[in-house]
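Work through the exercises below with the structure open beside you. Try each task before you read its solution.

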Amino acid sequence: MQNSSPVADDRHHKLAPQRVLVSRKNAGRALVVLASAGFLLVLLIQILHSIGATTAGYTDWRPVLYAYLVWAIAFGIGQVMVRGERGQRALFLFPAVLFTVAVVIFPTLFGIYIASLDWNLSSFEGPHFNGLNNLIGLFHDDYYWNALRNMIFYTLAVLGEYAIAFGLALLLNAEIRARRMFRVVFLLPLMLSPVAVSWMIGKSLMEYRFGPAATLARDLGWDNPAFFAFPWVARLSIEAMDAWVSIPFIMIMLLAGLQAMPKEVLEAAKVDGASGWQSFWHVTFPLMLPVSVTVLIIRIIFKLKLADIVINVTAGGPGGATDTVSSFIYRVYRDRSNVGYGTALAMFYLLMIIAFLTVLLRLSKRWTQKVA
Amino acid sequence: MAIFTSASQPVRRHHAASRATRTLSRLLIYGALLFWAFVCLFPIYWTVTTSFKSALDVTQGHLIPWLDFQPDWKGWRSIGLSPDSILGTSTARAELVSRFENSIITSLGASVLALVLGSLAAYGLSRFRYKFGWMRNDDILFFFMSQLILPPVVLALPFLVLYKALALLDTRFGLILLYTLTVLPIVIWIMRDQFNSIPVELDEAAFVDGLSIWGAFIRIVLPLAVPGMVAAFILSLVLCWNEYFFAALLTSTDAKTLPVMVASQTGSQGINWWSMAALSTAAIAPLVIVGILLERYIVSGLTTGAGK
């Protein structure tokens, strides 16, 4: 992601001088004002209705959504009318921006509000404000911190995935026959839904009594091949499943990097008498560092969202040993209907992710620059 | 062995030794490749074959059809998709079909919406210079990309409350909106790269010919950007098809998608292996086919930005 190069200036078109008629301009402004007023009116009616001040109103908030849509369209038309060609350019960006604001910014702010509530959907009293109590409760919640510790393990395990994926990418980059076939086969796990994988591997392949993996483990001398009964074994089993699904992604990225690498450098290393291992360690690996860092960061971002497999295979067990933060919050909500507290946990997690990734991006910039 | 016999002929010894190591390394490479191919394929093979097994075959660990066990339509019959039951009525099949439909509609809808919104934004970011307050092009791009780090749990609960108010809970439209959000950054990322690779002179030539900005975009640039669009579309399709977390929280009866159905079946006690296997096979089959046929586009979508 940090690869995004600044857009070169010559890519941008020069603005053609164009005069917009004053009457058109005014009409455009009027349209925007009118649409905004209409939207606010719908919003106001609905707020008044929901707090019981008026009887007029709608049964749900859906009309507000439509009003927002109408407003967005009117706003776009207004922009073009007022600002001419400049407005037409802005029109490319507006839909995505307005959409993202509506579905991310607003819910996130709303989430911060929910996080400060004592709100249990299964209790009869509705939500009521309890300030920072959720936050204080979070610090005493051993299961939450346990889940965070597990996240550290899962995140570090990305390095293992990376090592395997690098090996596979090197294999695919070697002079082999049927390269395309192997590439397709290696990519397949990425296509599969984690939920299906939970059953295919977690619940049937690794099943204690009849699963082939358990049978194999017995043949190899492990008397009691319970993959999900002991904390560390369970954690490793979950990680193995997640690795199975996501190694293809890392591999494909690294393979693209390897194929883009200048051939001359490796040939020069060969001429200098470097062995395979030396030329990998002193030439290939350093050259691949920027790609590696990028793919590792993307992979870590996705790893921090890990939930599906845990929810479906172990539901966090045994004793929270495999819990991820997401799966833990999922259970706080699903089993205890504790919306307020669950949201507080999620918000706190988000803050930690942001802090962690900021540090990671800073550090990674330094590493990649050293090589370049 | 050649080393001892040919000690008097150093040159040939060298050749023989290097050929031996070459063969050995070939063997190792193909061995490793085949081993990993086995790791990738065995779970799929296991699932597909299990859907044709009876309980006895499962418990005895039989693996190879016809040799080990006699395949039977058992699993497929239980979801109403075997040759003898496909014409009759089956509640299990009716449910599967409706979940399939939900999955197809939500993932197609979200991918189309994300592609439209994302392509427009990507083209804007690639061609024009914006300034919204302190935000420039790179900041806007970062704003879009930063949505990627949001874990689903952060949005899930606010959305639950919000959707309840908007009467969007358990609707396909609600899921489409959310899925669009999750894939939009990826689409913008791929499409911006695609537009950057199309020479800006083409747009300028179109302006000279009297086309407006939007005319040039739709008639000249967009047709050239089809490969990127296909890659972005397929990638978002895969991501939406497999999404579980939001679907599990926000749907209950009407808009339930395939992963939710698979998950709810695994949760029940005393799993029917054959019917679960058949269900899993049905759930992964479309993507396995997509993966095999359209691998090129998936790879090109994934590797956008790598190796530069």
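**Exercise 1.** Are α1(A) and α2(A) roughly parallel or roughly antiparallel to each other?

Solution. This is a predicted model: local features need pLDDT of at least 70, side-chain atom pairs count only at pLDDT 80 or more, and totals for chains, interfaces and linings use all residues. Residues are numbered from 1 along each chain as its sequence is written, while chains are lettered from A and ligands numbered from 1 in the order in which they are written.

Step 1: find the helices. Helix α1 of chain A covers residues 22–50, and helix α2 of chain A covers residues 62–83. (Helices are DSSP runs of H or I, at least four residues; strands are runs of E, at least two; both are numbered from the N terminus.)

Step 2: read the geometry. The two helices pack at an angle of about 165 degrees, with axes 8 Å apart. (Axes are lines fitted to C-alpha atoms, for helices over the stretch in contact; angles run from 0 to 180 degrees between N-to-C directions.)

Step 3: classify. Angles under 35 degrees count as roughly parallel, over 145 as roughly antiparallel, 65 to 115 as roughly perpendicular and the rest as oblique. α1(A) and α2(A) are therefore roughly antiparallel.

**Exercise 2.** Describe how domain 1 and domain 2 of chain A meet.

Solution. Domain 1 spans 20–131 and domain 2 spans 141–371. (The bounds come from an automatic or database domain assignment.)

Step 1: locate the centres. Over C-alpha atoms, they are 40 Å apart.

Step 2: count contacts. Eleven residues of domain 1 of chain A are in contact with seven residues of domain 2 of chain A. (Contact means C-beta atoms, placed from the backbone, within 7 Å.)

Step 3: name the source. On the domain 1 side, the largest share, four residues, comes from α3(A).

Notes: Two residues are in contact if their C-beta atoms, placed from the backbone, lie within 7 Å.
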